[in-house]
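Visitor: I have a model open and a few quick questions. Can you walk me through it?

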Amino acid sequence: MNLNLPSSAGQSVTWRGIRGSTAALAAARAAQAHSALVTVIVDDEQHAYRLEEDLRFFLGGNLPLLHFPSTETLPYDQF
């Protein structure tokens, strides 16, 4: 699997057509090959938790993994 990675700071790359656990494998390989922070953005919280579980398997604890949960704030919410 040969996936493009950003070549400079601030650059982003979009991968399309990756399904299931292959997305986690691709992200894990990218994180292992890249010396900077790798951020993965998914459609919804369900996909995020599934990806996190798969990433923990593929990374084997060798790299830190952070999950930023959805904090949906609606414009009419009062604080």
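Guide: Here is a short tour, from the whole chain down to single residues.

Visitor: What am I looking at, and how is it numbered?

Guide: This is a predicted model, where local features need pLDDT of at least 70, side-chain atom pairs count only at pLDDT 80 or more, and totals for chains, interfaces and linings use all residues. Residues are numbered from 1 along each chain as its sequence is written, and side-chain values use heavy atoms, with hydrogens and water left out.

Visitor: How many helices and strands does the chain have?

Guide: Two helices and zero strands. Both terms refer to DSSP runs, numbered from the N terminus: H or I over at least four residues for helices, E over at least two for strands.

Visitor: What box do the C-alpha atoms fill?

Guide: Roughly 45 × 30 × 25 Å, taken along the principal axes.

Visitor: And the accessible surface of the chain? How much of it belongs to carbon and sulfur atoms?

Guide: The surface comes to about 6,700 Å², and carbon and sulfur atoms hold 51% of that. Areas come from the Shrake-Rupley method with a 1.4 Å probe; for residues, only the protein chains shown count as cover.

Visitor: What share of the residues is buried?

Guide: Buried residues are 15% of the 79 in the chain. Buried means under 20% relative accessible area, exposed means over 50%, and partly exposed is in between (1.4 Å probe, protein chains only).

Visitor: On to the helices. Why does the length of α1 agree with its residue count?

Guide: At 1.5 Å a residue, the 13 residues of α1 should span 18 Å, and its end C-alpha atoms are 18 Å apart. The expected span is 1.5 Å times one less than the number of residues.

Visitor: And α2?

Guide: Helix α2 covers residues 45-59. Its 15 residues should span 21 Å, and the end C-alpha atoms are 20 Å apart, which agrees.

Visitor: What sits at the ends of α2?

Guide: Asp44 caps the N-terminal end, with a side-chain oxygen 3.2 Å from the backbone nitrogen of Gln46. After α2 comes Gly60, whose phi is positive, near 60°.

Visitor: Which residues of α1 are buried, and what do they pack against?

Guide: Ala24, Ala26, Ala27, Ala28, Ala30 and Ala31 are buried in α1. The buried residues of α1 pack against α2.

Visitor: Which ones are buried in α2?

Guide: Ala48, Leu51, Glu52, Asp54, Leu55 and Leu59. Their cover includes α1.

Visitor: Which residues make up the largest nonpolar core?

Guide: Six residues: Ala24, Ala27, Ala28, Leu51, Leu55 and Leu59.

Visitor: What does Leu55 touch?

Guide: Ala24, Ala27, Ala28, Gly60 and Leu65, leaving out residues up to four places away in sequence.

Visitor: Back to Glu52. Why does Glu52 count as buried?

Guide: Glu52 counts as buried because its relative accessibility is 14%. Beyond its neighbours within four places in sequence, Glu52 is in contact with Leu65 and His67.

Visitor: Is Glu53 buried or exposed?

Guide: Exposed, with a relative accessible area of 60%. Glu53 is in helix α2 too.

Visitor: How many aromatic pairs are there?

Guide: One. The ring centres of Phe57 and Phe58 are 5.2 Å apart and the planes are at 75°, so the pair is edge-to-face. Rings of Phe, Tyr and Trp (its six-membered ring) pair if their centres lie within 6.5 Å; planes under 30 degrees apart are stacked, over 60 edge-to-face, the rest tilted.

Visitor: How accessible are those two?

Guide: Phe57 is exposed at 64% relative accessible area. Phe58 is partly exposed at 28%.

Visitor: Last one. Where is Leu5, and what does Leu5 touch?

Guide: Leu5 lies in the segment before α1. Not counting residues up to four places away in sequence, Leu5 touches Val13, Trp15, Ala30, Ala33 and His34. Leu5 is partly exposed, at 30% relative accessible area.

Notes: Contact = heavy atoms within 4.5 Å. Polar contact = N/O pair within 3.5 Å; in protein donor to acceptor, adjacent residues only side chain to side chain. Core = buried A, V, L, I, M, F, W, Y, C linked by side-chain atoms within 4.5 Å.
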